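The stops below can be selected one after another.

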Amino acid sequence: MEPIRVAIAGAGNCAWSFSQFVALAQESPDAHLPGLMCHTVGGYRLSDVRVVAAFDVDAAKVGRPLADAFTAPSVSATEFTRLGIDRDSPVLPAPLLDGLDGPLGTLVETSAAALETTSESVAKALVDHEVHVLVITLPTGASRAIRMFAQAAIAAGVTVVNATPEKLARDEDLRRRFADAGAVLLGDDLRSHVGATSLHTTLIELLISRGLVPTSTYQLNVGGNTDFLNLADANRSASKFDSKANALRAAGLTDVAGTAGPTGYIGHLADTKVCFANIKATSVLGSELEIDVKLTVEDSPNAAGVIANAVRAGQTAVDRGLSGSVDDASALLFKSPPHGLPESEARASFLNFAS
């Protein structure tokens with residue numbers, strides 16, 4: 001099959017982990033890699049993916065080959081393997097807009113080229129690099145920058161995977177515009193492979209399936225990468241709390257007291273994320289059940305496993321003549337898809353789509 005040419009908006013931790021995952025697959029195309037949920041999606045193996053470009057505003061990344069850009073001080077994800085055939089793909093400038101508002105502005109030096117870049121130049125770069133799928137991994141809350149990439153993708157006729165909580169796939173007008181452009185829009189807010197939301201919603205579905213009635217719940221998350229630094233600003237994290245609430249509602253919680261979201265930045269944790277989840281429920285004869293769970297996981301590889309499915313699903317949808325939002329490919333991969341489903345139903349829907 002022809003390679004799926006991928007560009008990534010935001011050459012940070014998630015992009016680094018995903019690029020490494022692709023490199024491992026390229027080394028051993030037939031291997032069943034740990035954490036790769038689907039060996040093929042629509043006939044595509046992960047080794048069929050090529051990361052041909054990335055976009056960023058960081059002076060330590062822009063203008064450098066992909067492999068070198070990931071050595072920038074703002075990248076804290078672990079290096080598990082060296083990049084292969086994609087290592088020299090360029091990191092191109094992106095318009096700054098609101099990408100570094102909040103705490104990130106104190107950590108990252110803005111590239112001069114980013115101050116001169118426009119949406120039109122991004123769209124041209126997508127065309128010039130023959131990009132099929134654009135993965136948006138920009139900081140949460142960077143609404144203007146995220147929507148700019150969506151507009152550029154529409155202009156270039158490129159499929160988008162929206163890994164951010166920004167309301168793109170849930171925006172009816174934007175879905176229509178992608179459909180009119182013959183491009184696919186998948187989102188919103190990437191659901192980590194085995195992360196806080198997947199664990200939380202699976203436990204909720206288990207309790208409800210046994211006839212228990214959840215009465216309260218919470219999910220607290222701390223970490224030390226730039227994502228958590230950015231989310232330490234309440235103005236940037238609001239959409240993340242909304243997105244996680246959407247995932248809990250899709251799992252079956254409606255009028256239940258609770259909260260879920262990022263609650264702290266702890267720098268020395270680096271790319272490690274720690275989740276504390278609690279669920280209380282009423283069981284037989286009014287007896288009470290309580291679950292307390294702690295999950296510790298490296299954050300960015302956990303995202304890479306889902307991006308590996310999403311980019312292949314996006315291209316598969318295009319191959320099948322689909323455009324706009326594709327529900328069958330979204331409910332499992334995102335916290336806030338246009339139509340959420342309980343975990344088991346979402347998995348069945350995706351596996352049927354992928355076959």
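Select helix α1, residues 13-27: it lies across strands β1 (4-9) and β4. Its direction runs at about 160 degrees to that of β4. Keep in mind that this is a predicted model.

Next, show the sheet. Strands of a sheet pair through backbone hydrogen bonds, either parallel or antiparallel. Here the sheet is open, has seven strands and pairs in the parallel sense. Follow the strands across in the order β5-β4-β1-β6-β7-β8-β13. The edges are β5 (91-93) and β13 (324-325), each of which pairs on one side only.

Within the sheet, pick out β7 (residues 159-162) and β8 (residues 184-186). Two bridges join these strands, in the parallel sense. Select Val161 and look across to β8: Leu186 stands opposite.

Now turn to the rings. A pair of aromatic rings is described by the distance of the centres and the angle of the planes. The model has two aromatic pairs, counting ring centres within 6.5 Å. One of them is formed by Phe55 and Phe149, with 5.5 Å from centre to centre and 65 degrees between the planes. Is this pair stacked or edge-to-face? It is edge-to-face, because the angle is over 60 degrees.

Colour the chain around this pair. Phe55 belongs to strand β4 (residues 49-56) and Phe149 to helix α4 (residues 143-156), so the pair links distant parts of the chain, 94 residues apart. Both Phe55 and Phe149 are buried.

For the last stop, select Arg320 and Phe353. Arg320 lies over the face of the Phe353 ring, 4.9 Å from the ring centre.

Conventions
Residues numbered from 1 in each chain as written. Predicted model: local features only at pLDDT ≥ 70, side-chain atom pairs only at ≥ 80, totals over all residues. Heavy atoms only, no water. Phe/Tyr/Trp six-rings, centres within 6.5 Å; stacked < 30°, edge-to-face > 60°. Helix = DSSP H or I, 4+ residues; strand = E, 2+ residues; numbered from the N terminus. Buried < 20%, exposed > 50% of the residue type's maximum accessible area, 1.4 Å probe, protein only. Lys NZ or Arg CZ within 6 Å of the ring centre and 35° of its normal. Pairing = 2+ DSSP bridges. Contact = heavy atoms within 4.5 Å. Axes fitted to C-alpha atoms, helices over the stretch in contact; angles between N-to-C directions.
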